[in-house]
Amino acid sequence: MVSISDETLLSYIFANNDGNLHPSRKVGIQMESNHITHSCRCAAFAVAQLPLLSCLLFCASGYETTLPPQAYSVDNVPVQGEAVRAAKELSGRVVDAAGNPVADAQVALSSEKIGVLVSDGKLRPMHGNIESRIVQTDSKGVFILGQQPAGSFDLIVAHDKGFASIGSDEFINSNDIRLQPWGRIEGQLAEGRRAAGNKIWMAGLPNSTWFLHEREYRYETQCDTDGRFVFEKVPAGWFEAGYLIRTGEMGASITSRTPVEVKSDETAKITLGGSGRPVIGSFVPPEGYAKPIYFGNGLRSLITTRPDEPRPRNYERMTKREQQQWRAQWRKSDEYKLYRDSYWHDPNWRQYTFRINDDGSFRIEDVIAGKYDVTVWIEERLTGEARPEEIGSYHGTIQVPQVPGGRSDEPLDLGQLELVMHDPLRVGDMAPLFEAKTLDDKSLKLIDYRGKFVLLSFWQPVSHPEIERLRELYDAYSLDGRLQIIGLGGHDTLEEVEKYVQENPIPWPQIFVSEEFKSGIARDYRIPGVPWIFLVGPDGKIIATGQRGEKLTSAVRGALEP
């Protein structure tokens with residue numbers, strides 16, 4: 001079972017049947033995956049889906065200006081009147097390299113709760129439930145972005161003349177944001193390689209505020225018949241590019257993901273593939289497993305192994321909360337910056353995806369020398385009736401040796417790699433009954449909830465991302481008794497679970513399950529990761545499993561308001 005820490009973020013880049021690339025928002029390690037093949041790059045495995053920067057300026061007391069045209073939020077509803085003129089108003093001016101005001105420049109805010117997407121030289125609202133605040137400068141280059149966030153933030157500016165980003169500390173000392181010329185990328189797909197739909201993808205790599213501010217970079221283009229491609233209007237910084245391949249019957253993903261550094265007013269060069277060697281092998285079921293295995297959907301990832309993080313000697317004796325607090329402080333240190341850059345800005349970092357054939361065999365092209373983590377999830381065939389469940393997985397590490405000249409057609413054969421098979425609870429299954437004591441020492445039996453809809457929420461103290469959504473659902477549907485929630489905390493000590501509930505009062509009953517989620521109720525429910533939520537119907541059958549975010553709200557609303 002996979003556990004999620006606060007820094008184990010997953011972003012997925014995938015393609016649906018429409019052939020377009022669709023990035024998900026950052027989510028916990030287990031995410032629903034209809035029609036998708038996942039890629040990963042943070043921690044054990046997680047793909048970077050990369051952020052955007054923002055730029056803004058503070059309006060000093062007494063500063064007079066007018067509301068810039070086309071001020072809008074995530075839904076592009078114009079903002080009018082004095083509502084945006086808060087006591088601490090973000091206001092400033094955008095100028096070009098020569099110091100001249102720039103009209104019609106886009107300006108966006110990036111903070112803990114407000115995000116922005118940089119795509120093809122434009123600033124756009126982020127997907128999902130992340131609020132976006134984007135405005136345009138007036139004829140004098142002036143912008144107003146509403147009230148200043150309480151914490152740190154970044155400000156982003158984009159215009160045909162260039163790009164700028166500035167952090168809140170730097171921003172306070174300046175009224176002007178000065179644009180820097182865009183960079184660009186010229187690339188070549190290696191001979192013999194073909195991109196599905198000729199699609200080439202590019203995204204930004206993490207920087208100093210990666211864990212603090214919501215932002216993302218995403219560019220897409222197409223290569224020509226000779227494999228050449230260009231990305232225009234790229235900000236200075238580190239990016240990664242790759243090309244789209246089919247990875248299964250219903251999915252596609254990005255492979256040969258390669259870092260590239262872009263500099264202002266310069267053209268960076270990159271080649272996707274063409275070095276390294278093929279890696280082959282086959283995935284097989286464990287001895288005695290007789291059921292057929294469908295290899296058409298699921299995650300397939302080969303990614304450069306992340307270097308071990310430096311840790312204090314007493315790290316293993318810390319509680320998970322103490323570890324989380326230590327890591328939060330460590331990420332502010334110079335040591336972390338060096339560690340981050342050694343991984344994310346390593347030109348020899350790679351991530352590959354691949355297709356698994358019906359017989360379990362696979363071939364990964366152009367794998368350069370290095371140590372890699374192999375992660376595979378095997379999912380059920382998509383039927384359209386319910387979300388396909390993960391039924392098998394593989395996690396391992398391989399070493400790809402150097403080859404003379406850096407290129408060889410001789411494959412590295414990994415042999416047979418044995419899968420771990422799972423038997424998850426599915427929609428339509430009866431929810432296993434249980435009896436337990438709540439944290440306030442009351443007896444609770446699931447059978448007593450028959451006739452009502454019930455959300456069973458498995459969570460851990462260091463990561464409970466759905467708590468606010470659960471509160472909203474509880475407030476909306478619990479008063480008339482139609483919906484009940486049962487919290488099942490664990491993957492930590494009883495003391496830490498109790499402390500979390502004391503610090504974050506929760507109106508529904510809470511049960512301590514176990515420290516590792518490998519026994520008792522957690523074992524019976526066969527949860528593949530944390531957090532995990534089941535929606536159980538009045539008849540005791542599972543209606544939905546593993547839903548997060550808006551999909552959880554939709555599942556509850558659809559069940560209670562058919």
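1. In this predicted model, the count of aromatic pairs comes to 21. One of these involves Trp330 and Tyr336, whose ring centres lie 5.0 Å apart with the planes at 75°. Planes over 60 degrees apart count as edge-to-face, so the pair of Trp330 and Tyr336 is placed in that class.

2. Both partners of this pair are buried. Trp330 has a relative accessible area of 5%, and for Tyr336 the value is 4%. Buried means under 20% relative accessible area, which is why Trp330 and Tyr336 receive that description.

3. A further edge-to-face pair is formed by Phe434 and Tyr525, with 6.2 Å from centre to centre and 70° between the planes. This pair links distant parts of the chain, 91 residues apart. Phe434 belongs to the loop between β27 (420-421) and β28 (435-437), while Tyr525 lies in helix α6 (residues 520-525). Phe434 is buried at a relative accessible area of 7%, and Tyr525 is buried at 1%.

4. Trp330 and Tyr336 also take part in a cluster, in which ring pairs link them with Tyr315, Trp326 and Tyr339.

5. Turning to the strands, an open sheet is made of three of them, in the order β16-β13-β19, with mixed pairing. Its edge strands, β16 (228-234) and β19 (267-272), each pair on one side only. From one strand to the next, the twist averages 20°.

6. Within this sheet, strand β13 (residues 183-189) and β16 run antiparallel and are joined by five bridges. Glu186 stands opposite Val230 in β16.

Notes. Residues numbered from 1 in each chain as written. Predicted model: local features only at pLDDT ≥ 70, side-chain atom pairs only at ≥ 80, totals over all residues. Heavy atoms only, no water. Pairing = 2+ DSSP bridges. Helix = DSSP H or I, 4+ residues; strand = E, 2+ residues; numbered from the N terminus. Axes fitted to C-alpha atoms, helices over the stretch in contact; angles between N-to-C directions. Phe/Tyr/Trp six-rings, centres within 6.5 Å; stacked < 30°, edge-to-face > 60°. Buried < 20%, exposed > 50% of the residue type's maximum accessible area, 1.4 Å probe, protein only.
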